[in-house]
2 protein chains.
Amino acid sequence: MPDYYTPGETARRFGVSLDTLRYYEREGLLTRVERGAGGHRRYRASDVELLDLVRCLRDTDMPIARLREFAELVREGDATVPRRVEVLERHEERLAERIAELVDRQAAIRHKIAYYRGVLAAAEDAEGAAGGADGAAGGRAPVGAGAEGRGARGSEG
Amino acid sequence: MPDYYTPGETARRFGVSLDTLRYYEREGLLTRVERGAGGHRRYRASDVELLDLVRCLRDTDMPIARLREFAELVREGDATVPRRVEVLERHEERLAERIAELVDRQAAIRHKIAYYRGVLAAAEDAEGAAGGADGAAGGRAPVGAGAEGRGARGSEG
DNA sequence: ATGCGACCTGGAGTGCACTCCAGGTCAAGC
DNA sequence: GCTTGACCTGGAGTGCACTCCAGGTCGCAT
């Protein structure tokens, strides 16, 4: 357990590229990373920790801009902890919504698959009884989420 | 219940822009949309249905390229139903994985929030007993997903 | 017939998050 | 001391999914 990690180690650990690591630093997502004599980066425990959080938030689609704001708060010290909590809570809420949406869509997709399976089974039956290669048409069965009336962006004109 | 919808109606219905609708068509995500005498598009039930599926798949992050392939299969007729099922099943699997990942990360974020809350509470207690504005340091507590060893993309050389 | 909003086309532009590159420098083993 | 692989910099390039634009045309109500 060394007291710092090389860029390569760190990149491998998080499954990101060196370029991404440098990019994050440039964008201010990491608090000032230390350098050795030759200018090579040294990632310490605190960097690794913050990076861990950053990756967690990125993996859940927090945009870079918001991550920068968050890192800014971290840089400002302990006084910003309440604000960090707010940021995380808002993100968690959005994430919960996103998960719910995905679960809904997943159900719709499964429904569609089941429908297609039905078409297939019917076609097979027909083949056994009659002889044609035709079944139902291209694709009936609603998939969900269709007409909701909300969120009418895009009007043009 | 008219037998076709105008572009504006369709866009509103799905919460997308006219540009997006045209883009989808250009990219081959929709099977040839009919036109009226003046060249204006007419979206019929079958278009709306396919669009519904397309949106469902897009909303769950299926890339345009795969959607194009799917639409291609639809264009090829009923014989491709088994292959469509395969595509949908693979997508559903990926989606399930993605949802699981998001749920994990969500737990990590909640954990982090709880940790921060603990820091806050401790600081308040300390304030009541002593008087300082300092608590614990910047941000301890793991967030999860850190070192996994797999997926070492990015090597450079 | 005229006004006006919805629609048309081809093509260029945008925003995001990386990713790649050239042309070096550094560090560790032999 | 030399090689070799890891690392450095600034800046340009990429891929994706739209989004915007100019300069028209359509179609319906008045």
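Buried here means under 20% relative accessible area, exposed over 50% and partly exposed in between, with a 1.4 Å probe and protein chains only. This is a predicted model, in which local features need pLDDT of at least 70, side-chain atom pairs count only at pLDDT 80 or more, and totals for chains, interfaces and linings use all residues. Residues are numbered from 1 along each chain as its sequence is written, chains are lettered from A in the order in which they are written, and side-chain values use heavy atoms, without hydrogens and water.

**View 1. The buried face of helix H1 of chain B.** Helices (DSSP runs of H or I, at least four residues) are numbered from the N terminus, as are strands (runs of E, at least two). In H1(B), residues 7–14, the buried positions are B:Thr10, B:Ala11 and B:Phe14. Seen down the helix axis, these residues fall within an arc of 100°, so they line one face of H1(B); the arc is that of the directions from the axis to the C-beta atoms. Their cover includes helix H2 (18–26) and helix H3 (45–59) of chain B.

**View 2. The end of H1 of chain B.** Just after H1(B), B:Gly15 takes a positive phi of about 65°.

**View 3. Overall make-up of chain A.** Five helices and two strands form the secondary structure of chain A, and from the N terminus on its elements run α-α-β-β-α-α-α. Of its 157 residues, 38% count as buried. Among contacts (heavy atoms within 4.5 Å) in chain A with a separation of 6 or more, 53% come from residues 24 or more positions apart.
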